[in-house]
2 protein chains.
Amino acid sequence: MIQSEKPTIMDIARLTGLSKGTVDRVLHNRGEVSKKSYDKVMAVIKELGYEPNALASALARGVSPRIAVLIPEHEPGSFWELALNGISKASETVGPLGVETQLFKYNSRDASSFQDACFRLLDSAPSGVVVAPMFGPGTQMLTADLRSRSIPYVFFDTKQDDDGYLAYYGLPEYRSGYLCADQLTIDKSASEVLLVRIKRDPFRQSDPTVIRRAGFMDYMSEHYPDCVVRSIFIDPRDHERTDQELESFFEAFPGTTHIAMFNSRIYLIVPWLERHPAQIKRVVGFDNLTANMNALARGTVSALIAQHPDEQVAMAIQALFDYIVLGKKPMRRDNFMHMDILTRYNIEYY
Amino acid sequence: MIQSEKPTIMDIARLTGLSKGTVDRVLHNRGEVSKKSYDKVMAVIKELGYEPNALASALARGVSPRIAVLIPEHEPGSFWELALNGISKASETVGPLGVETQLFKYNSRDASSFQDACFRLLDSAPSGVVVAPMFGPGTQMLTADLRSRSIPYVFFDTKQDDDGYLAYYGLPEYRSGYLCADQLTIDKSASEVLLVRIKRDPFRQSDPTVIRRAGFMDYMSEHYPDCVVRSIFIDPRDHERTDQELESFFEAFPGTTHIAMFNSRIYLIVPWLERHPAQIKRVVGFDNLTANMNALARGTVSALIAQHPDEQVAMAIQALFDYIVLGKKPMRRDNFMHMDILTRYNIEYY
DNA sequence: AAAAATTTCGTGTACGGTAACGGAATTGTG
DNA sequence: CACAATTCCGTTACCGTACACGAAATTTTT
């Protein structure tokens, strides 16, 4: 815990009879060193347990490495804004260590805007990239390019299967669906459940809710095989339509008592719910958006499964920092992060 | 987000026509500067929005500040071990920035050992102190001394009321008791509830569970005024006695269906519970100790309220770092941190 | 074996700030 | 007015590392 008299680069130089310049070349293996000297330096480094002084290093480096973050434009109060908080927090941490962060935004409903952002990002030649892969093919192009230039990249939120990413930080999607079902606290097997789903956005090409739904359905068939689960589909931008859908659904199935939603938009059905109290027992959704939290506080929503996009993205940035600056690979490649259950009684301090 | 061309001390020197030595004296108001020069420098500093480079500063200062942490000795797997993790994590963060952390341990059942640790701590003349005040009077002596030497200190876990602490990081105790009651998910007002409490340790002089219990009782009387709540007291080191207590309690009150405990020791009653299944519906405790988590995974414990002592202590260290190195006071003095609900379905990734 | 090419290495300076030291400017005293 | 005492300020040497540049050592070529 206590760092006593740390050895410096000069100590190593003295002990090896070489100069600090040479030691520095070894440390950054940037060549121009004979094998003999190299080995000697490495030996002494290991013996002394030398660790470079990050302060001095960052100071001397001067021109700071830059971590680029690719993130959709978003309305205030959306899921991505939570991530944005994490980015600011992380860059406050790594900023004083001489690392910049730069945002590249794109329109999440426009594949060409994503392309465009990718090009801008690549042109800027960052030292590392954080990306939530929304557009499969587009992301693949991006990552292929990054690999060819050996720029490290980290996924968060959604993972994409390629073998080049440095790390992934996200939710265990299947478990989260399972947990969601558990939080409905269904009491008898005759219950009827409604899943509110988003009309598939034809542009979004990777969708974590699919796996969440799988976890949910498995829980149901394991615990309440006789439960009826039905779905409706809504358009996030057409509130009137949404209300109509709900209205006619509940006319058709008035026995429905539980509602779940696997994305962050549970707030979309809140207005309708608050005009029609009574029969609904439990409503469970995802993510601690402000709108969701408010509904939770009022009791309209019973529980939220909160992933922490801010933590996820912060971890992603941290991982890149460790890799770029300190040369350390993350311990695990796939990092499934914890999720929390929020109720009206524990949201106050979020 | 991007740090563009920050002004340096040399820029100020040039613009004022003075030397960086003088500017430095102004920055640390260490005198030997004429009023005229002082004002000129201050004006330019404000105009440029100059902020000293923390890196270079720490590097040049050389002697690293040291943060002392006062913490009880503990068995592996206890509450305090969680805190210890946070300390290592935090010191990994601030370590490369030239700040040391040093632990001072004491025996939590021995007030004089606490005293002793305090003296050792004071002798070491740290730059800042983190402490969880277990012994009221002892802590007051400590903090009085710290104040007189103007060494900043931060509380975590428990707060003590004096007006000198830099910050506090801990749980909203009252709310946590309230939440605990909610998590019992009592279904009918005729339920009978058992609180398992620790025989008051005569040495420990500040006890967060008192307030938790208050929150719990308030929830109960608000929601289920007819519920019967009874208590038993156990000795954490006498397992046989504990089992006997439980045994005779349940003989006397076989209708009891819910159990809660307000400290981290719910694992103490797990062995008995697992030998007597059946009537107990829900068991709720605090803190994610390994033993508790295991019981949670097996379903013996229904839910745990997890505070995050690691995060709390990490924040505490961070706050001291910000204050000592960067000269920034924490935004809030009292920081009530979030608590999470853990169930068997979301503990996997903790 | 001398010259050229290449590899290997040491030196010097910069990064932004700290603080000791001593010289110049100002003020005070006889 | 000369001299001492203060006050003020510039110079300089660091802190530990990065990197450019050129010199030295080694290898290759002729």
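**Entry 1. Salt bridges**

I take a salt bridge to be a side-chain nitrogen of Lys or Arg within 4 Å of a carboxyl oxygen of Asp or Glu. The model is predicted, with local features needing pLDDT of at least 70 and side-chain atom pairs counting only at pLDDT 80 or more, while totals for chains, interfaces and linings use all residues. Residues are numbered from 1 along each chain as its sequence is written, chains are lettered from A and ligands numbered from 1 in the order in which they are written, and side-chain values use heavy atoms, with hydrogens and water left out.

I looked up D11(A) and found that its side chain forms a salt bridge with that of R14(A), at 2.9 Å from N to O. Both residues belong to helix 1 (residues 9–16) of chain A and stand three residues apart, about one turn of the helix. I use helices (H or I, at least four residues) and strands (E, at least two) as DSSP runs, numbered from the N terminus. For accessibility I call a residue buried under 20% relative accessible area, exposed over 50% and partly exposed in between (1.4 Å probe, protein chains only). D11(A), with a relative accessible area of 23%, is therefore partly exposed. R14(A) counts as exposed because its relative accessibility is 56%.

I then turned to E192(A), which meets R230(A) in a salt bridge of 3.0 Å, N to O. This pair links distant parts of the chain, from strand 6 (residues 192–198) to strand 7 (residues 228–234) of chain A, 38 residues apart.

K159(B) lies in the loop between strand 4 (153–156) and strand 5 (167–170) of chain B, and D334(B) in strand 11 (residues 334–336) of chain B, so that the pair links distant parts of the chain, 175 residues apart. K159(B) is partly exposed at 31% relative accessibility, and D334(B) is partly exposed at 25%.

**Entry 2. Charges over rings**

Which ring does R230(A) lie over? R230(A) lies over the face of F253(A), 3.8 Å from the ring centre. I count a charge as over a ring if NZ of Lys or CZ of Arg is within 6 Å of the ring centre and within 35 degrees of the ring normal. In chain B, the charged end of R230(B) sits over the ring of F253(B), 3.7 Å from its centre.

**Entry 3. Aromatic pairs**

I pair rings of Phe, Tyr and Trp (its six-membered ring) if their centres lie within 6.5 Å; planes under 30 degrees apart are stacked, over 60 edge-to-face and the rest tilted. The count over all chains is 34 aromatic pairs. One of them joins F262(A) and F286(A), edge-to-face, with 6.4 Å between centres and 65° between the planes. F262(A) is in the loop between strand 8 (256–260) and helix 11 (270–275) of chain A, whereas F286(A) is in strand 9 (residues 282–286) of chain A, 24 residues apart. Both F262(A) and F286(A) are buried.

Why is the pair of Y178(B) and Y219(B) edge-to-face? The planes of Y178(B) and Y219(B) stand at 85°, with the ring centres 5.1 Å apart, so the pair is edge-to-face. Y178(B) belongs to helix 8 (residues 173–183) and Y219(B) to helix 9 (residues 209–223) of chain B, 41 residues apart. Y178(B) and Y219(B) are both buried. I also found a cluster in which ring pairs link Y174(A), Y178(A), Y219(A) and Y345(B).

**Entry 4. Where the chains meet**

I looked up the contact (heavy atoms within 4.5 Å). Chain B gives 39 residues to this contact and chain A gives 42 residues. About 3600 Å² is buried between chain B and chain A, 63% of it from carbon and sulfur atoms. Buried area here is the accessible area (1.4 Å probe) that two parts lose on being put together, summed over both. I found zero salt bridges between chain B and chain A. On the side of chain B that touches chain A, helix 8 of chain B gives the largest share, five residues.

**Entry 5. Positive phi**

Most residues other than glycine have a negative phi. D157(A), which is not a glycine, has a positive phi of about 70°. D157(A) lies in the loop between strand 4 (153–156) and strand 5 (167–170) of chain A. Its relative accessible area is 4%, so D157(A) is buried. S150(B), also not a glycine, has a positive phi near 45°. S150(B) lies in the loop between helix 7 (136–148) and strand 4 of chain B, and counts as exposed because its relative accessibility is 61%.
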